[in-house]
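This report moves from the chain as a whole to one strand and its partners, and then to a pair of helices.

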Amino acid sequence: MSDLLRLATAGSVDDGKSTLVGRLLYDTKSVLADTLDAVHRASADRGLATPDLSLLVDGLRSEREQGITIDVAYRYFATPKRSFVLADTPGHVQYTRNTVTGASTAQLAVLLVDARKGVIEQTRRHAAVLALLGVPRLVLAVNKIDLVDYDQVTFARIAKEFTAHATALGYTEDAVVEIPVSALAGDNVVEKSANTPWYSGPTLLEHLENVPVEEDGPRRADGSGLPFRFPVQYVIRPRTAEHLDYRGYAGQVAAGTVKPGDEVVVLPSGRRSTVTRIDTMDGELAEAAAGQSVTLLLADDIDISRGDLIAVAGNEPKVTDELDATLCWLAEKPLRAGARVLVKHGTRTVQAIVTELRDRFDEQTLSSVDGPASLELNEIGRVALRLAEPVPLDDYSFSRRTGSFLVIDAADGSTLAAGLVGAPLPELDAESCTEGGDIAAQDDRALVSPGP
């Protein structure tokens, strides 16, 4: 079991995400004394008798004034069993792009619903995004259970409806856990509540401390357990008397591991060589793993530049200029066939044209609309793109880090969409739709970022 868990919160507006995160920080004693004093003062200024724990998370002045979360707030806390990196994401529809950012590297997501409202449109939208992004485990936190008098029937109804929706999206039942909580009162967040004697499961913190974290396999958020992938960010040529013939290729290991002696292939050229050394600011390494920033030296003088990909020989990604992808559209301007855009994958940016809108996914009914005229803000759809030059690509279902990309407006440089190579969501049949009734580290322009 890993000693670090990356998790994200999601949910609709005013479901209590920030209060829940604040409760976790407060009850695990992860708040500095001066920060807690500031929250007490701010709460007193508002006329509150108890501290508003959401203020521990909502750090922007505009967020505190409006009582909402706008940006993704990263928080760190730890217990004797495990350390946590938590991304608290906004609930408003117009900030869905921030939810994509926060969830892109999560190993687990806590999805909140208001016990008075149950599963609503934004709940289903967030569940679809989480499934699309390959977040492997979900916790449904039925919050404000105190406002429905801790009613077991209400909780069971919400849990059943959500589990059916999540199952239709491809989750197995053991990957989804439902917990009745009150973030404000603290019920079942850290301590077991006497108000829910009918609930025999773990508290939220107990589950977070003990949930298995996949050590390997496809779509690992940190890229471990996968074939070696290394997007070249910079070519180092000092040309000094001390390093006259030094030629190193700097970047961050996106997936897998590498060590001196490994045979590698440089893409898209296909030239092969052998790793002779791994340099860092602190000296040489015997091995480099996913997430480490290093400089690789190769045995052969090969024409390599920023945007090339160094991969393990024999298990390299496909190189193609035709891209079948799933997009989460994040711009106000709709996407239509024929649009000319930039595609940024790893450290390479290429021109592209959208040749076809194949279908649009309806996260509410879990159905697809073939051949839509456009993709609007926050809509998810499959598209075909033709790239101006070949690019090495993994399917997102194989690797979250090297199977994701950004779509950028060539005119002003704004981010238009988070893209996933292939079709990560399962094919949905009529039965699953009735029952039910989403980027990688992209260097210095990341929208789907590795987080802190």
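## Overall features

In this predicted model, the protein chain exposes about 19,100 Å², of which carbon and sulfur atoms supply 48%. Buried residues account for 55% of the 452 residues in the protein chain, and its secondary structure consists of eight helices and 22 strands.

Strand 17, which spans residues 340-345, is largely enclosed by the rest of the structure, because five of its six residues are buried, that is, each has under 20% relative accessible area.

Strand 17 pairs in the antiparallel sense with strand 18 (residues 348-362) over six bridges, and within this pairing L342 stands opposite Q351 of strand 18. The two strands form a hairpin with two residues between them, and in the turn G346 has a positive phi of about 60°. Strand 17 also pairs in the antiparallel sense with strand 21 (residues 404-408), here over three bridges, with V343 standing opposite V407 of strand 21.

## Helix 5 against helix 6

The axes of helix 5 (residues 121-132) and helix 6 (residues 152-168) come within 10 Å and cross at roughly 35°, and the crossing is right-handed. In this contact, T123, R124 and A127 of helix 5 meet E161, F162 and H165 of helix 6. Taken by class, the residues of the contact are two nonpolar, two polar and two charged.

Notes
Residues are numbered from 1 along each chain as its sequence is written. This is a predicted model: local features need pLDDT of at least 70, side-chain atom pairs count only at pLDDT 80 or more; totals for chains, interfaces and linings use all residues. Side-chain values use heavy atoms; hydrogens and water are left out. Buried means under 20% relative accessible area, exposed over 50%, partly exposed in between (1.4 Å probe, protein chains only). Helices (H or I, at least four residues) and strands (E, at least two) are DSSP runs, numbered from the N terminus. Two strands pair if DSSP finds at least two bridges between them. Accessible areas come from the Shrake-Rupley method with a 1.4 Å probe; for residues, only the protein chains shown count as cover. Axes are lines fitted to C-alpha atoms, for helices over the stretch in contact, and angles run from 0 to 180 degrees between N-to-C directions. A crossing is left-handed if the near helix is turned anticlockwise from the far one by less than a right angle, and right-handed if clockwise. Contact means heavy atoms within 4.5 Å. Ala, Val, Leu, Ile, Met, Phe, Trp, Tyr, Cys and Pro count as nonpolar, Asp, Glu, Lys and Arg as charged, and the others, Gly among them, as polar.
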